[in-house]
Amino acid sequence: MTELRRVLLDGYPTQVVRHGDTLVAGDGREVGVDEAIHLPPTEPSKIIAVHLNYASRTEEFMTKLPGAPTYFHKPVTALNTHKGDVVRPEGCKWLNFEGEIVIVIGRTCRNVSPDEAGDYIAGYTIGNDYGLHDFRDTDAGSMLRVKGSDTLAPVGPGLVTDWDFRGKQLRTIVNGEVKQDDNTDNMEWDMNYLVADIARTITLSPGDLLFSGTPAFSRPVQPGDVVEVEVEGLGKLTNRIVTGPTPIRTDVGAQPTQSEEVMSTAMGGDWEFRGIRTPSKDLYPSKVEEKR
C-alpha cells in the first residue's frame with residue numbers, strides 16, 4: 001500500500017508520499033506529518049454519497065433497505081480537509097457526524113460491471129459526511145443544504161492505494177470517546193457495487209469521491225468538539241467543530257427547524273419515537289406500526 005497526500009509545500013499544492021512521520025515530495029523536499037498543511041487528497045468534479053448501507057444504521061432507524069442503494073450529491077464547495085474546521089452556522093443546533101470510507105476514482109468510469117469496477121478505483125480515503133439536519137424539513141429529498149453546506153465534506157488525510165476494503169474496522173471518536181464502531185463486512189453494498197451502480201448513467205472522472213455510508217450512532221456535535229474518524233489501514237481524519245461567523249439569514253428562505261423529522265435523524269436511537277417516524281419514510285418504511 002502507498003499513502004499519497006496533498007499538502008501546501010512552500011505555499012504550493014504538492015503531492016507527497018508518506019514515509020512514517022515524514023511526507024516526501026517528488027523533488028525530495030520533506031515535511032513532518034504533524035506540521036503539514038493538508039489539502040483534500042483529490043480535486044473532484046463531483047462528490048456522491050449513498051444513503052443507508054450499514055446494517056446497524058438500518059436497524060437503528062427500525063427501517064428496511066430498498067432493493068438497491070439510493071444516493072445524494074454534495075457540491076464540491078462542501079469539500080474540506082484533514083484538520084479543517086467544520087462550521088455549524090449560528091442559529092443551527094443539529095449538526096451530526098457520519099464517519100465513512102470514501103472511494104476515490106482513478107480513471108474515467110462508465111458502464112462497468114461490479115467485477116470490473118475495482119480497476120477504476122485509485123484508492124480510498126476517510127470522510128465525515130456531516131449533516132446539518134436543521135434543514136431536513138425542506139431539503140430531505142435533495143439533501144442540498146443538509147449535506148452540502150460549506151465545510152461539511154472533510155476528507156483525508158491521504159489517498160491509500162491497494163487497500164482491501166473487506167473486513168476493516170471504522171470508528172468515529174468525539175473528544176476521545178468512541179461513538180461509532182463497525183466493520184465494512186456489515187455493509188449491504190460493497191465499494192465495487194456502488195461504483196458500478198453510479199457509473200451506469202453517470203460518468204465518474206478521475207478524482208471523484210463516493211462516500212460509502214455510515215454505521216449507527218451518528219449524533220449531534222457542538223462547537224469546540226474534536227471529531228476523529230479512524231479506519232483500519234487508512235489512518236485518522238480529524239476536524240474541529242466551530243460556530244459560523246454569521247447567522248442564517250432570516251429575510252430569505254426556509255429557516256432551521258426542530259421537527260420530528262429533524263430529531264428522528266439527528267438523535268437516531270436516542271429519539272423517543274424512533275421507528276414511528278423514520279427519515280424519508282416513503283423510501284425507507286418503518287417496521288413499526290405508524291403512530292396514530
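A residue counts as exposed when its relative accessible area is over 50%, as buried when that value is under 20%, and as partly exposed in between. By that rule R200 is exposed, because its relative accessible area is 55%. This is a predicted model.

## Salt bridges

The whole structure holds 21 salt bridges. R200 takes part in one of them, with D197 as its partner; their closest N and O atoms are 2.9 Å apart. D197 is at 12% relative accessibility, so D197 counts as buried. Shared partners also build a network of salt bridges, whose members are R57, E60, K74, E98, D129, K147 and R219.

| Salt bridge | N to O distance | Relative accessibility |
|---|---|---|
| R240 and D85 | 3.2 Å | R240 40%, D85 34% |
| E230 and R171 | 2.6 Å | E230 25%, R171 27% |
| D197 and R200 | 2.9 Å | D197 12%, R200 55% |

The side chains of R240 and D85 meet in a salt bridge.

E230 sits in strand β18 (residues 226-231) and R171 in strand β15 (residues 169-174), so the pair ties together parts that are 59 residues apart in sequence. E230 is partly exposed. R171 counts as partly exposed as well.

## K147, a buried lysine

K147 belongs to helix α4 (residues 144-148). Is K147 buried or exposed? K147 is buried, because its relative accessible area is 2% and the cut-off for buried is under 20%. The side chain of K147 has a polar contact of 2.9 Å with the side chain of D129. Beyond residues up to four places away in sequence, K147 touches F72, K74, E98, D129, Y130, G131, H133 and L152. K147 and D129 are both members of the salt-bridge network, as are K74 and E98.

Helix α5 is mostly covered, with 7 of its 8 residues buried. These are M191, N192, L194, V195, A196, D197 and I198. What covers them? The cover includes β6 (47-50), β7 (71-74), β11 (99-105), α2 (114-117), β12 (121-128) and β17. At the start of α5, a side-chain oxygen of D190 comes within 3.2 Å of the backbone nitrogen of N192.

D208 lies in the loop between α5 (191-198) and β17 (209-211). At 1% relative accessibility, D208 counts as buried. Its side chain makes a polar contact of 2.6 Å with the side chain of S45. Leaving aside residues up to four places away in sequence, D208 touches P44, S45, K46, I103, V104, I105 and T203. I173 is 35 residues from D208 in sequence, and their C-alpha atoms are 26 Å apart in space.

## The largest pocket

The largest pocket has about 180 Å³ of space. Its lining consists of V87, P89, S149, D150, G244, P245, T246, P247, I248 and R249. Strands β9 (85-90) and β19 (235-247) each give at least two residues to this lining. β19 supplies the largest share, 4 residues. By class, the lining has 5 nonpolar, 3 polar and 2 charged residues.

## Backbone features

Most residues other than glycine have a negative phi, and most peptide bonds are trans. Some places in this model depart from that pattern.

The peptide bond that joins G156 and P157 is cis, with omega about 5 degrees. P157 is part of strand β14 (residues 153-161).

N175 has a positive phi, near 50 degrees, and is not a glycine. N175 is placed in the loop between β15 and β16 (177-183).

F217 is another non-glycine residue with a positive phi, about 75 degrees. The loop between β17 and β18 holds F217. F217 is partly exposed, because its relative accessible area is 47%.

Note on methods: Residues numbered from 1 in each chain as written. Predicted model: local features only at pLDDT ≥ 70, side-chain atom pairs only at ≥ 80, totals over all residues. Heavy atoms only, no water. 1 Å grid on protein atoms, 1.4 Å probe; cavity = no way out; pocket = protein on both sides within 12 Å on 5 of 7 lines; lining within 4 Å. Points joined across faces, edges and corners; volume = space filled by probe spheres on them. Nonpolar A, V, L, I, M, F, W, Y, C, P; charged D, E, K, R; others polar. Buried < 20%, exposed > 50% of the residue type's maximum accessible area, 1.4 Å probe, protein only. Polar contact = N/O pair within 3.5 Å; in protein donor to acceptor, adjacent residues only side chain to side chain. Contact = heavy atoms within 4.5 Å. Salt bridge = Lys/Arg side-chain N within 4 Å of Asp/Glu carboxyl O.
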